[in-house]
Amino acid sequence: MPKGSDLLVAALENEGVDRIFGVPGEENLDVVESLRSSSIKLILTRHEQGAAFMAATHGRLTGRPGVCITTLGPGALNLTTGAAYALLGGMPMIMLTGQKGIMSSRQAQFQIVDVVTAFKPLTKLSRQIVSTRTIPTLVRDAFRIAMEERPGPVLLELPEDIAGEECEHVAMVPRHPIEIPIAHRAALDRAAELILKAKRPLIMLGAAASRPRSTAGIGGFVRRTKIPFFTTQMGKGTVPGGSNLYMGTAALSERDYVHEAVDRADLIIAVGHDTIEKPPFIMGPKGPQVIHVSYTPANVEQVYFPQCEVVGDVGPSLELLADRVEGRLHNAGALLSLREGILSRIADRATEERWPPTPQRIVHDVRQVIPEDGIIALDNGMYKIWFARNYRTYVANTVLLDNALATMGAGLPSAMMAAMLYPDRRVMAVCGDGGFMMNSQEMETAVRLKLNLVVLILEDSAYGMIRWKQAVDHFPDFGLSFGNPDFVKYAESYGAKGSRVESTGDLIPALERAFKSGGVHLVVVPIDYTENTRVLIDELREKLKQVDEPVA
Ligand SMILES: Cc1ncc(C[n+]2csc(CCOP(=O)(O)OP(=O)(O)O)c2C)c(N)n1
Ligand SMILES: [Mg+2]
């Protein structure tokens with residue numbers, strides 16, 4: 001006779017799950033036993049947070065939920081940051097947590113936390129499984145909810161007595177495809193009218209534009225309308241940055257060079273914008289009108305209140321919108337004359353020899369060693385702004401950055417997931433010395449899994465972004481510096497390789513050597529963060545003083 005845990009694992013197989021990440025506890029042992037004879041691989045991590053970041057990234061990259069498993073109480077609570085990462089980032093994920101038995105209680109309240117309630121604000125659905133018979137339907141429902149727009153995390157708690165209970169076999173619920181409806185004709189007509197009237201239109205690609213299902217249709221819209229576009233941090237790559245319509249990425253909310261185009265636009269077609277991102281521009285009473293094109297309606301914010309909405313499956317809806325305006329847009333390229341000025345100033349100092357290297361130089365050199373389909377996964381720190389601003393992308397989802405929860409600690413686990421899914425592509429984690437140490441224990445997991453992965457650590461012996469903000473706000477330098485382990489020895493102690501870059505000219509060769517030697521390779525380079533103030537404060541402030549002439 002099957003047990004509850006057998007039904008759970010069969011239901012996961014029914015969903016096409018091939019890996020589960022996590023740290024089991026004694027309450028999960030029936031599930032572990034059921035996994036042993038299943039087609040699903042159990043991937044142990046060294047902290048539950050790493051498991052959640054990997055599972056969420058699986059969802060982000062494939063559109064199908066990644067799955068993670070933990071014990072009750074302490075293990076489950078270690079998933080909170082990963083749950084928030086998936087919730088804000090719109091990443092489908094299933095979290096399976098154990099619990100003490102619910103039919104009798106032989107350990108009183110030991111380790112018991114109301115996990116289901118604790119996760120309510122961090123998930124789309126958080127439920128306890130109370131009977132074996134409901135397992136197939138609950139699992140099917142959990143996957144549907146996690147995947148449907150807006151995607152996100154779901155938690156299912158399986159008490160150990162339900163997991164171990166013998167039961168009749170219950171049939172699985174077959175999967176079937178679900179199409180997302182296309183936007184209403186009236187909405188498309190209204191949007192087309194605004195686009196046809198616009199004198200200086202601009203497209204913005206946001207976080208939801210990077211969903212695996214979105215990317216094809218969006219490229220077609222940009223090509224057919226020939227309207228220049230910029231991206232948010234999480235919208236990078238959906239349309240190649242090599243396109244001659246790319247105007248830049250809004251890594252700051254205002255005043256950056258890309259905002260020269262934004263400020264002059266009279267219409268912004270915001271594709272897939274999700275206001276969980278730090279605002280890519282600030283709407284005001286006088287600024288451009290905005291058409292919101294996405295899977296879900298816009299939420300109204302002080303800084304984002306679109307005047308027109310096209311809600312539906314983004315790719316096919318944009319195709320219909322392009323049908324209405326293609327060949328009739330006389331002002332499509334009105335803002336293009338700004339492009340060269342924006343991009344050339346962004347590239348400033350990208351090849352400077354200074355030691356330690358500038359952020360611009362590091363971004364430039366990383367781009368040289370990553371092929372077009374290679375993936376970089378960023379942790380959170382000051383360098384994220386520089387990568388968002390300066391790194392050109394050619395393929396969707398080749399820059400995995402988190403501009404939603406913006407948590408530290410996700411860089412290494414998300415890169416590991418990318419390396420598991422795409423073993424033939426180059427994958428690099430880019431981490432600060434602070435963020436790397438938050439989940440550095442997953443180096444052991446990466447070595448055990450025999451991943452090919454380069455981890456680039458940018459060393460400033462500080463929580464650099466906060467230290468910079470402290471200086472910008474005229475506080476004295478205090479409380480944000482630390483010491484580091486010897487990263488080369490640290491890597492070697494895990495059975496990985498390690499190397500330290502000793503001159504600016506050695507960064508590219510060191511990264512090349514790391515990729516060519518294979519396995520897990522940690523490369524450490526110091527970074528000169530004086531550019532943060534020189535460019536992001538002084539230079540941009542100076543630019544503001546210049547009188548901006550309208551372009552058309
Ligand atoms: C989990 C978490 N804790 C704290 C913060 C706030 N925070 C944002 S960036 C940062 C410093 C990052 O330091 P590091 O990883 O060394 O990168 P650096 O800015 O120095 O390049 C901190 C503390 C955060 N985003 N996430
Ligand atoms: Mg640092």
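In this predicted model, a backbone N or O atom of Met382 lies 2.9 Å from an oxygen atom of ligand 1. A backbone N or O atom of Ala406 is likewise placed 2.9 Å from a nitrogen atom of ligand 1. Met465 contributes a polar backbone atom, 2.8 Å from an oxygen atom of the ligand. On its own, ligand 1 has an accessible area of 590 Å², and the protein covers 78% of this.

The shell around ligand 1 contains 18 residues, of which Asp433, Gly434, Gly435, Gly464 and Tyr529 come nearest. By residue class, the shell consists of nine nonpolar, seven polar and two charged residues. Three helices, α15 (382–390), α17 (433–438) and α19 (464–472), each supply at least two of the shell residues.

Ala462 counts as buried because its relative accessibility is 3%, which is under the limit of 20%.

The cysteines were examined next. A disulfide is a covalent bond between the sulfur atoms of two cysteines. A search of the whole structure finds zero disulfides. For Cys431, the nearest cysteine sulfur is that of Cys68, 20 Å away. Cys431 has a relative accessibility of 0% and therefore counts as buried. Cys308, at 3%, also counts as buried.

Several features of the backbone concern peptide bonds and phi angles. Most residues other than glycine have a negative phi, and most peptide bonds are trans. The peptide bond from Glu149 to Arg150, however, is cis, with omega near -15°. Arg150 belongs to the loop between α7 (135–147) and β6 (153–159). Another cis peptide bond joins Trp355 and Pro356, with omega about -5°; Pro356 is located in the loop between α13 (339–346) and α14 (359–369).

Positive phi values occur at Ala108, where phi is near 50°, and at His474, where phi is near 65°. Ala108 lies in the loop between β4 (93–99) and α6 (115–118). With a relative accessibility of 49%, Ala108 counts as partly exposed, because the exposed class begins over 50%. His474 is found in the loop between α19 and α20 (487–493). The relative accessible area of His474 is 73%, so this residue is exposed.

Methods. Residues numbered from 1 in each chain as written. Chains lettered and ligands numbered in written order. Predicted model: local features only at pLDDT ≥ 70, side-chain atom pairs only at ≥ 80, totals over all residues. Heavy atoms only, no water. Buried < 20%, exposed > 50% of the residue type's maximum accessible area, 1.4 Å probe, protein only. Near = heavy atom within 4 Å. Polar contact = N/O pair within 3.5 Å; in protein donor to acceptor, adjacent residues only side chain to side chain. Areas by Shrake-Rupley, 256 points an atom, 1.4 Å probe, with all protein chains shown as cover. Helix = DSSP H or I, 4+ residues; strand = E, 2+ residues; numbered from the N terminus. Nonpolar A, V, L, I, M, F, W, Y, C, P; charged D, E, K, R; others polar. Disulfide = S-S within 2.5 Å.
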